[in-house]
Amino acid sequence: MSHNFRILSIDGGGIRGIYSALILKEIEDKFEIKIHEHFDLIAGTSTGSILASALAIDIPLSEVIDLYKNEGSQIFNFRKLGFMGLFKSRYRSDHLKKLLEEKFQNKTLSDPSIKTRLLIPTTDISNGDVHIIKSYYISEFKCDKDRKIQDAVLSSCSAPLYFNPNRMENYLLADGGLWANNPSLVALTEGMGKIKKTGNIEKITLDNTKLLSIGTGIGHKYYDIKHSDSDSWGFLRKWNSSKLIDTILNLQSINVHNTVNFMLPADNYLRINFESDTDLSLDSVKIISQLEAKAAKDFTHNSDNILKLLGIKV
């Protein structure tokens, strides 16, 4: 039996989530394992919450990959924005909501089909606070017990400007990426501070925690220095609303990676991600082929380290 507490963390990133999905499918296929059997906690933000939830209830990753490929253009289908897009979100959430309902079939966060602990960060914009949604793995925490997985995922996917926030009971929830686009630190805190111990581990610590973190790419060159003297740095001009959101999410992921990398022993942490010399869109299906190539390369490059982290011998 393992004496390590293993965490899988999956970043947000819109359509770029296919990169994470492809790497996770390679892990399952090449190592002939089920992800949920090798992780004690799976955390996912935004698009990562789709993957985390699918893994937790053993939905085949091939189905999630098909969702990105076949439904991405419908999920990110521009709506009539009104004057310069000032009054409406860029996309309706109707199609995404329908797909999530089909995949998760009204299962609650206490459904017996959930095979490992699941954690989904969201943002409570009605109270200006963080809001973490969890499967029912700690008996005294009952607030999420009867919530539907699909509602938690939709809330975490509701990125500002892209989708409207989602109401759950008396909360108005938005993208968890506003504070935890890379949920590694949240998951690490959850393990040590809330879960604390398992049947095999008397006390969860940094030394016995193993963490696999999968990103969705970090884009660069969102803004050009040649515009430094411009006086047009308004929300819709040089700042460019979507570029600003993308930059905030990227910086959050980088900061968490640097923090977790400092905290955990070197052999206990593996971050799989890539960088691009250009910006990486959250909503363009045109970059899927680029992401497929990156995922194939990065899985191959990291396969030995993944095996080592999971304690798998092949």
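Buried residues have under 20% relative accessible area and exposed residues over 50%, with partly exposed in between (1.4 Å probe, protein chains only). Helices (H or I, at least four residues) and strands (E, at least two) are DSSP runs, numbered from the N terminus. The model shown is predicted: local features need pLDDT of at least 70, side-chain atom pairs count only at pLDDT 80 or more, and totals for chains, interfaces and linings use all residues. Residues are numbered from 1 along each chain as its sequence is written, and side-chain values use heavy atoms, with hydrogens and water left out.

**View 1. Helix α5, residues 149-156.** Because seven of its eight residues are buried, helix α5 is largely enclosed by the rest of the structure. The buried residues are Ile 149, Gln 150, Ala 152, Val 153, Leu 154, Ser 155 and Ser 156.

View 2. Gly 311, with a positive phi near 70°, follows the helix.

**View 3. Lys 210 in strand β7, residues 209-214.** Lys 210 is buried yet has no salt bridge, that is, a side-chain nitrogen of Lys or Arg within 4 Å of a carboxyl oxygen of Asp or Glu. The nearest side chain of opposite charge, Asp 267, is 6.3 Å away. Leaving aside neighbours within four places in sequence, Lys 210 is in contact (heavy atoms within 4.5 Å) with residues including Phe 5, Asp 267 and Leu 309.

**View 4. Aromatic rings around Tyr 91.** Rings of Phe, Tyr and Trp (its six-membered ring) pair if their centres lie within 6.5 Å; planes under 30 degrees apart count as stacked, over 60 as edge-to-face and the rest as tilted. Phe 78 and Tyr 91 form a tilted pair, 5.2 Å centre to centre with 45° between the planes. Phe 78 is exposed at 54% relative accessible area, whereas Tyr 91 is buried at 1%. The rings of Tyr 91 and Tyr 162 are stacked, because their planes lie at 15°, with centres 6.3 Å apart. Ring pairs link Phe 76, Phe 78, Tyr 91, Tyr 162 and Phe 163 into a cluster.

Notes: Lys and Arg count as positive and Asp and Glu as negative; His and the chain ends are not counted.
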